[in-house]
Structures are given as structure tokens and as C-alpha cells.
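I opened this notebook page to record what I looked up in one protein model. The entries run from the overall fold to single residues.

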Amino acid sequence: MARFLVVDDDADTMGLIQFILESRGHQVVAISSGEEALELIEKDKAFDFILLDIFLLGINGIAVCQKLKSDKELKHIPIGIITITPTSALRQKAQKMGAEHFFAKPIDVNNFALELEALLNHPAN
């Protein structure tokens, strides 16, 4: 069982991701803003994987990713970026900021679950 932080301001997407993860026995903390994510992680660093939507109100997912990856206590946590506009430019920017994976919306339930399990079982580091 892994512990996930899911940050997405779209309730439908967040609900779907939460359902997929919890149905596979994972624990999920779901929040809707980059600011909330940074505040939460400051207090609770015990996450195995973080999923960030790129287009959040306020601090966007790329900025959150960059802040987390620049923190020596947090940079080991894998980050997946979720977006409705999966362009190669956004993918490259996310990877440059330290994201390990990129997921396109709408979420394909089967592929999403399989990719996450593979990432958890075979981390990049």
C-alpha cells in the first residue's frame, strides 16, 4: 500500500483518481490547490507519490513540482503531472522541473492504474 497526495481542482478527475487508487488498497489525501499542497507537505512529508494537475488556481502544478524537487527532504518523492493539454512542451517543462511521469486527461482507468503500479514497483531512482 502506498500513500498518495493528489492535487487537482477538478472534482471529477480527483474523485476518479481517488477511486482508482483506493480500490487498489492505496491511501489517498486529495486537495485542490497548490498552496494547500505546499502547506500540507510542510507538515506531513510521508507520501510515496504525488500527483499534480498542471493548471491549478494560484500556484500551478509545475511551480509546486519545482518547489518540492528543490527541497532536499522532499526531492525523493516521485511526482506525476496530470494535464488536459499533454503537449510535448509541457511534458519537457514538467520533466525539467523534476516530474517523473506525465498523465493525460481524461484519465484512462486501466492504463493509469497499470502505469502507477509500475512506477511504484520500479522507481526511477
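**Fold.** I read the order of elements along the sequence as β-α-β-α-β-α-β-α-β-α. I took helices (H or I, at least four residues) and strands (E, at least two) as DSSP runs, numbered from the N terminus. The radius of gyration is 13 Å, close to the 14 Å that the globule rule gives for 125 residues, so the protein is as compact as a globular protein of that length. That radius is taken over C-alpha atoms, and the rule is 2.2 Å times the number of residues to the power 0.38. In total I noted 5 helices and 5 strands.

**Basis.** The model is predicted: local features need pLDDT of at least 70 and side-chain atom pairs pLDDT 80 or more, while totals for chains, interfaces and linings use all residues. Residues are numbered from 1 along each chain as its sequence is written, and side-chain values use heavy atoms, with hydrogens and water left out.

**Whole protein.** Along the principal axes, the C-alpha atoms fill a box of roughly 30 × 30 × 30 Å. I found that buried residues account for 41% of the 125 residues; buried means under 20% relative accessible area, exposed over 50%, and partly exposed in between (1.4 Å probe, protein chains only). Of the contacts (heavy atoms within 4.5 Å) between residues at least 6 apart in sequence, 62% join residues at least 24 apart.

**Arg3.** I located Arg3 in strand β1. Is Arg3 buried or exposed? Arg3 counts as buried because its relative accessibility is 17%. Setting aside neighbours within four places in sequence, I listed its contacts as Gln27, Val29, Asp44, Ala46, Phe47, Asp48 and Phe49.

**Asp10.** I placed Asp10 in the loop between β1 (3-7) and α1 (11-23). With a relative accessible area of 31%, Asp10 is partly exposed. Its side chain makes a polar contact of 2.6 Å with that of Thr13. For such a contact I required a pair of N or O atoms within 3.5 Å; within protein, one must be able to donate a hydrogen and the other to accept it, and residues adjacent in sequence count only if both atoms are side-chain atoms. Ser32 lies 22 residues from Asp10 along the chain, and their C-alpha atoms are 7.6 Å apart.

**Pro106.** Which residue does a cis peptide bond join to Pro106? The partner is Lys105, and omega is about 0°. Most peptide bonds are trans. I found Pro106 in the loop between β5 (101-104) and α5 (109-121).
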